[in-house]
Amino acid sequence: MGNQSSARQRKCCDCANREKARKKPLSRREGGGIMVGEIFVKTILNKHRRRDSWFLDDYSLNPYQFCDFNCIYCYIRGSKYGGNMREGLAVKINAPTLLEKELLRRAKRKEYGFIALSSATEPWMHIEKKYELTRKCLKVIAKFKFPVHCLTKSTLILRDLDLLEEIDKNAILPSDLSKLKHGTLITFSLSTLEEKIAKIFEPSAPKPRERLEALQKVKNAGFHAGVAYIPVLPFLSDSDEQLEEMIRTAKEFNADYVFVGALTLHGINDLYYKVIEKHFPELLSKYKQLFKIFSQPGRDYQLRLEKKAKVFCEKYRVRYRIL
Ligand code: SF4
């Protein structure tokens, strides 16, 4: 995603699956009712050219290929291999071993930085219950004292609070981020507070309320945590009133910070429009107008979101972004 807003959307759904995976899985197994491929990858830790100014990560790590939450707006769907996410769903079975080697090398050079877990998959998706691959990666991250930024829609993250607490206390932060005083950041991603709308656009993810309750639990456990309303859905969750309610709600659930980002439709226009046509036919022409250039809303739309988000964050005394 070239523009800033779509780069943010990629935090939960990144098509740039940079690890060089084998194209065909070694095997396919049944996992949680769906067939899951098992693949070996050559690399697992992506080093960014520049730190992400919103999420503060210098690295990203994706233990799985694609995602079983199947969000309609997911950026992965627009990628070269993302047409059928369920068929491509795969476990990178050598991820912890590779991560151990890569973090050993980075730690020796003192190249500490936040690892985004994840940028191109949901690290705590349903099949993680069986494979525990994310948990194994967290053990490696804790061992080498790297900080981690967890980006999730899943309540399964609560299973791993023991490891995340260890990372939170012991991680070595980059010197310019030492004021954060937390080695673990946890951000829950939502696109709407309305259950009915979430069910349409995020069919297999936990309900918005469940994510917010998980946020409350991680806050009660002492973590630095917030909400990413990325992407907000045009005409469905982006009105001034809705933005205000979303930020007020984040505060009620004790969020330290909030992000708000726009939807982009690169490579997924047709699929998204089909869903709009089915469930909200009256909105189709408005969508086509809003996304007529480069599959993303114009600059004015993005600026309005940012301006309103800042106003409501100030009103409800919650930080707009982490720093
Ligand atoms: S949770 Fe949704 S948006 Fe995120 S990677 Fe999975 S399908 Fe994509």
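Q: How many bridges join strand 10 to strand 11?
A: This is a predicted model, where local features need pLDDT of at least 70, side-chain atom pairs count only at pLDDT 80 or more, and totals for chains, interfaces and linings use all residues. Residues are numbered from 1 along each chain as its sequence is written. Helices (H or I, at least four residues) and strands (E, at least two) are DSSP runs numbered from the N terminus, and two strands pair if DSSP finds at least two bridges between them. Strand 10 (residues 224-229) and strand 11 run parallel, and the bridges joining them number four.

Q: Which residue in strand 11 is the bridge partner of tyrosine 229?
A: From strand 10 the chain goes through helix 9 (residues 240-252) to strand 11, a right-handed β-α-β crossover (with the strands pointing away from the viewer, the path from the first strand over the helix to the second runs clockwise). Over in strand 11, tyrosine 229 has as its partner valine 260.

Q: Are the residues on the two faces of strand 11 buried or exposed?
A: Buried takes 20 or more other C-beta atoms within 10 Å of a residue's own, exposed 12 or fewer, and partly exposed is in between, with C-beta atoms placed from the backbone. In a regular strand the side chains alternate between the two faces of the sheet. Here Tyr257 and Phe259 sit on one side, Val258 and Val260 on the other, and they are all buried.

Q: In strand 10, which residue is the bridge partner of isoleucine 186?
A: Strand 9 (residues 184-190) pairs with strand 10 in the parallel sense over six bridges. For isoleucine 186, the partner is alanine 225.
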